[in-house]
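Morning, everyone. Let me walk you through one protein chain. Have a look at it first.

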Amino acid sequence: MRGPKEGFIEDIFVNKSLLRRKLRTNNLVFEDLVLGKQTRTKISIAYLQGIVNKRVLEEVKKRLSKIDIDGVLESGYIEQLIEDKPYSIIATIENTEKPDVAAAKILEGRVAILCDGTPHVLTVPRLFIEGVMTSEDYYVRPYYASFLRLLRVTALLISVFSPGVYVALQLYHQEMIPTVLLISMMGAREGVPLPVALETLLMVLTLEATKESGVRLPKTVGTTVSIVGTLVLGQAAVQAGIVSAPTVIIIAITAISEFVVPALVQGVVLYRLIILLLGSFLGLYGTTCGLIIYITQIITTESFGIPFGFPLTPINKEGLKDSIVRFPIWSLIYRPKAIEKRNIRR
């Protein structure tokens with residue numbers, strides 16, 4: 001992967017210096033404060049004077065000043081205390097461990113929040129489209145970067161909707177499946193004791209359990225558990241007739257697609273379960289309703305007063321140059337107009 005390999009650490013003073021190395025200008029401002037009555041955790045707000053969105057900056061300061069808590073042990077505490085919609089499945093605050101990503105966002109007029117004791121730096125506001133972007137997109141050729149973004153968007157849709165659509169087609173809309181494929185799928189399901197909805201739900205939960213166990217265990221043991229859970233257990237379950245081969249294939253494709261968009265993984269996992277339940281009870285009508293709910297939440301959400309769906313909703317011609325496709329660097333001469341209103345030219 002092309003790009004800097006350095007990252008933030010748990011020391012806020014080192015993190016400040018890493019940002020200062022990227023932004024060697026007197027306009028880079030750090031405003032320090034302390035949060036947590038017992039932990040007295042050092043917090044720093046970073047922004048570029050003359051470029052930062054003043055309305056967002058004032059809102060960040062206002063929300064931070066209202067925090068009244070015993071301890072702040074990680075930036076996740078701050079994220080949950082200052083976000084726009086605490087009950088939303090989709091996160092409206094970005095976090096990163098890479099100094100180049102934080103610097104790029106500050107250059108667009110955003111505000112960064114550094115917290116002592118964690119390498120995760122928060123940046124606000126956040127746009128939904130950033131979930132399918134990576135820092136490497138700006139270091140490679142625009143055609144390849146655009147292809148990767150389209151691939152991530154496709155993977156996002158597959159990861160969220162494939163189990164629900166699979167169950168809906170099997171239960172309610174078998175006429176939509178090609179005859180040859182339907183015969184093959186019915187033959188694979190012969191002798192399977194569980195209904196297809198329950199079978200798919202159990203496989204999805206097994207996938208999440210396998211991921212969680214692999215993350216929590218030591219690296220060598222976690223790798224072994226992942227291999228056992230995916231290869232040995234899956235193959236044994238199919239041969240024993242407990243689950244069908246098509247279901248295992250759908251869940252495997254879902255898992256691979258999920259890993260393509262790690263920035264959106266929390267929302268993807270929960271929405272996948274919701275779409276699966278809707279597809280189990282209402283068929284494709286339910287999955288369509290789930291899609292409408294998903295899109296509606298994106299276009300009605302704001303992050304510190306900035307439309308979460310920008311530049312797609314509201315649509316912005318200049319912003320579309322750096323959205324699902326990426327235009328050449330030399331054509332990206334304006335900062336996102338939803339974020340920066342004054343100094344919009346880069």
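With which side chain does the side chain of Ser244 make a polar contact? The partner is the side chain of Thr247, at 3.0 Å. A polar contact here is a pair of N or O atoms within 3.5 Å; within protein, one must be able to donate a hydrogen and the other to accept it, and residues adjacent in sequence count only if both atoms are side-chain atoms.

Some ground rules. This is a predicted model: local features need pLDDT of at least 70, side-chain atom pairs count only at pLDDT 80 or more, and totals for chains, interfaces and linings use all residues. Residues are numbered from 1 along each chain as its sequence is written, and side-chain values use heavy atoms, with hydrogens and water left out.

How confident is the predictor? The pLDDT, its confidence in each residue from 0 to 100, averages 89 over the chain. At least 70 is the score of 96% of the residues. Among the elements, helix α8 (residues 219-239) has the lowest mean, 68. Strand β4 (residues 111-115) has the highest, 96.

Now the overall layout. The chain has 11 helices and 7 strands. These are DSSP runs, numbered from the N terminus: helices are H or I, at least four residues, and strands are E, at least two. The C-alpha atoms fill a box of roughly 70 × 45 × 35 Å along the principal axes. Of the 346 residues, 47% are buried. Buried means under 20% relative accessible area, exposed over 50%, and partly exposed in between, with a 1.4 Å probe and protein chains only.

Back to Ser244. It sits in the loop between α8 and α9. Ser244 counts as buried because its relative accessible area is 0%. What surrounds Ser244? Leaving out neighbours within four places in sequence, its contacts (heavy atoms within 4.5 Å) are Tyr166, Ala188, Arg189, Val192, Glu199 and Val238. Val192 is 52 residues away along the chain, yet the two C-alpha atoms are 6.6 Å apart.

Next, helix α10. It covers residues 265-282, 18 residues in total. From first C-alpha to last it reaches 25 Å, close to the expected 26 Å. That expected span is 1.5 Å times one less than the number of residues. Its buried residues include Tyr271, Arg272 and Ile275. Helices α5, α7, α9 and α11 are among what covers them. After α10 comes Gly283, with a positive phi near 70 degrees.

On to the cores. A nonpolar core is a set of buried Ala, Val, Leu, Ile, Met, Phe, Trp, Tyr and Cys residues joined through side-chain atoms within 4.5 Å. The largest has 42 residues. Val60, Leu64, Ile82 and Tyr294 are among those with the most contacts inside it. Helix α2 (residues 54-65) gives the largest share, 4 residues. A second, separate core has 16 residues, including Ile12 and Leu28. Ile82 touches Leu64, Ile113 and Phe304, among others beyond four places in sequence.

Last, the cysteines. How many disulfides are there, taking a disulfide as a pair of cysteine sulfur atoms within 2.5 Å? The count is 0. Cys115 is buried, at 1% relative accessible area. Cys289 is partly exposed, at 26%.

Note on methods. pLDDT = per-residue confidence, 0-100. Disulfide = S-S within 2.5 Å.
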